Amino acid sequence: MFPPKTFGVVGTGVIGTGWAVRALSRGLDVVAWDPAPDGAEDLRSGIRRAWPSVRKLGLYEGAHPDRVSFVDSPEEVCQAADFVQESAPEREKLKRDLHTRLDAATPGSVVIASSSSGLLPTRIASDSSNPERIVIGHPFNPVYLIPLVEIVAGEHTSPSTVEHATAVYDYLDMYPLLVRNEIPGYLSDRLAEALWREILHLVNDGMATTGELDDAIRYGPGLRWAGMGNNLIFHLAGGRGGIRHMLDQFGPALKLPWTKLEAPELTDSLIESMSKGITAQAAGRSVEELERRRDDYLIAIMRALRSVGVGAGELLARREARRYGQGATIWSEGAPIPAPLELFRCDVEPDWVDYNNHMTEAAYLTAFGWATDALFRYIGDDETYRAGGHSFYTVETHINYLREVTGADSLRFATRIVGLDHKRLHIYHEMFDSETRGLVAVTEQMLLHMDTDHARPAPIIGTPARALAAIWMSHQNMPAPEYLGRVMATKDI
């Protein structure tokens with residue numbers, strides 16, 4: 001089934017829980033199983049810990065952490081799910097036996113994917129009767145934030161299985177990377193493993209601490225990798241000559257004995273050095289505290305990349321467009337028009353709050369701006385309309401702040417048209433706390449319709465003109481809003 005309604009999770013450790021959170025945040029139901037005695041409670045606890053992070057990214061309509069059910073067997077998962085994701089421990093015999101059970105219990109149209117980080121799908125599916133529907137979907141921790149998923153087909157995996165898995169992962173706002181050859185370790189982990197081995201050698205030889213090596217990544221190449229990866233960065237290192245000049249200049253250094261790609265022996269001494277170094281880096285912070293810090297900086301990096309449209313930031317922008325477009329109301333000729341319109345809801349974004357956890361003044365304007373964008377979508381002021389050289393420009397905005405808004409709040413907006421002529425649009429938004437229903441702020445905006453090709457005011461045309469005229473007919477007889485036209489003044493005391 002596509003899009004899926006119920007996402008199946010077999011194995012609810014760190015990775016399986018991450019899959020559950022990602023699916024739940026997309027508004028899906030999740031059915032899960034794990035053999036651990038405390039599996040159900042551990043899963044729900046993991047979802048609770050991760051939920052604030054996906055909430056910061058923005059939830060889809062219907063998303064809720066309680067839309068998960070824990071069942072008594074993997075067969076029950078298979079019977080209920082539209083897509084099954086296995087995330088059992090990385091042991092080939094265990095996965096092979098488990099996939100035999102999953103294959104026998106799953107309807108023929110359902111894809112079964114494994115979260116394996118390096119095992120070959122042909123071997124995992126070797127005892128299954130229907131290996132054509134088994135595929136690798138290798139995610140990265142935390143699964144609910146990092147978008148990459150490597151798709152690896154086995155010898156018998158059908159093209160339709162790969163196509164369906166790709167579509168499901170795309171639906172979950174991931175970046176499905178097809179690994180064209182069935183190789184151990186796939187692509188990303190092979191690259192990470194090379195770096196990891198070098199780290200172990202440098203610590204083992206006493207050349208650096210774990211903290212120094214992490215600093216060597218996070219203050220340098222790690223920042224570059226987030227947006228371009230390694231190869232394009234090296235292309236830039238060659239200046240105008242690009243990668244050819246870079247290889248001519250630095251290629252001879254590849255013959256120097258800088259690196260040791262074979263892993264060192266994991267002696268007790270090396271394990272102790274690694275443990276001491278990382279304990280010092282943690283500085284008394286728990287795993288849960290470090291997880292929150294990791295999630296926060298990942299979200300911050302993705303938001304920064306969103307503004308330039310590269311890497312994970314491009315996927316984040318697409319996720320937001322999907323969320324805001326989900327169930328969006330569009331005006332149609334003759335349809336009843338609510339008075340006022342309720343077109344937009346949102347959670348308070350993490351970068352909207354100050355050190356007191358209160359929403360900043362600028363963030364109110366941002367949120368009201370999104371509500372105005374929702375009005376534009378409603379009236380048909382879309383990409384096509386703007387590409388034709390038509391757009392609204394804001395010329396004046398007044399905001400009244402009525403109550404504090406905190407980082408934990410959810411907001412809803414009511415929108416009215418309070419004035420309209422052939423070139424000007426006067427709108428009024430009310431911002432409410434979704435939970436208390438209390439009014440927290442209002443704004444009124446005057447917008448001027450522009451011919452953007454010639455940078456001059458122009459009459460509103462087409463569908464937006466007809467939609468606005470219909471809304472104005474519906475709204476003009478409503479009582480004037482309390483704060484409409486409010487101006488500031490200092491009263492005599």
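Helices here are DSSP runs of H or I with at least four residues, strands are DSSP runs of E with at least two, and both are numbered from the N terminus. On that basis the chain comes to 17 helices and 14 strands.

A word on the ground rules: this is a predicted model, in which local features need pLDDT of at least 70 and side-chain atom pairs count only at pLDDT 80 or more, while totals for chains, interfaces and linings use all residues. Residues are numbered from 1 along each chain as its sequence is written, and side-chain values use heavy atoms, with hydrogens and water left out.

**The chain as a whole**

Taken along the principal axes, the C-alpha atoms fill a box of roughly 80 × 55 × 50 Å. Of the 493 residues, 43% count as buried; buried means under 20% relative accessible area, exposed over 50%, and partly exposed in between, with a 1.4 Å probe and protein chains only. Contact means heavy atoms within 4.5 Å. Among contacts with a separation of 6 or more, 71% come from residues 24 or more positions apart.

**Two helix pairs**

For the packing values, axes are lines fitted to C-alpha atoms, for helices over the stretch in contact, and angles run from 0 to 180 degrees between N-to-C directions. Helix α1 (residues 14–25) packs on helix α2 (residues 39–57) at about 50°, with the axes 9 Å apart. The two are therefore oblique to each other; angles under 35 degrees count as roughly parallel, over 145 as roughly antiparallel, 65 to 115 as roughly perpendicular and the rest as oblique. From α1, T17, A20, V21, L24 and S25 meet L43, G46, I47, A50, W51 and V54 of α2. By class, this contact has eight nonpolar, three polar and no charged residues. Here Ala, Val, Leu, Ile, Met, Phe, Trp, Tyr, Cys and Pro count as nonpolar, Asp, Glu, Lys and Arg as charged, and the others, Gly among them, as polar.

Further along, helix α15 (residues 361–379) and helix α17 (residues 462–475) pack at about 110°, their axes 8 Å apart. That makes α15 roughly perpendicular to α17. L375, Y378 and I379 of α15 touch T463, P464, A467, L468 and I471 of α17, a contact with seven nonpolar, one polar and no charged residues.

**Backbone points worth a look**

Most residues other than glycine have a negative phi, and most peptide bonds are trans. The peptide bond from F2 to P3 is cis, with omega near -5°, and P3 lies in the segment before β1 (6–10). Another cis bond joins A339 and P340, with omega about 5°; P340 sits in the loop between α14 (311–325) and β9 (341–347).

Y186 and A455 have a positive phi although neither is a glycine. Y186 belongs to the loop between β8 (175–179) and α7 (188–204), and A455 to the loop between β13 (439–451) and β14 (456–457).

| Residue | Phi | Relative accessible area |
|---|---|---|
| Y186 | about 60° | 0%, buried |
| A455 | about 55° | 62%, exposed |

T161, in helix α6 (residues 159–171), is buried at 4% relative accessibility. Leaving aside neighbours within four places in sequence, T161 contacts V111, E132, R133, I134 and V135. F234, in helix α10 (residues 231–237), is partly exposed at 33%.

The structure holds zero disulfides (pairs of cysteine sulfur atoms within 2.5 Å). C78 is buried at 0% relative accessibility, and C346 is buried at 6%.
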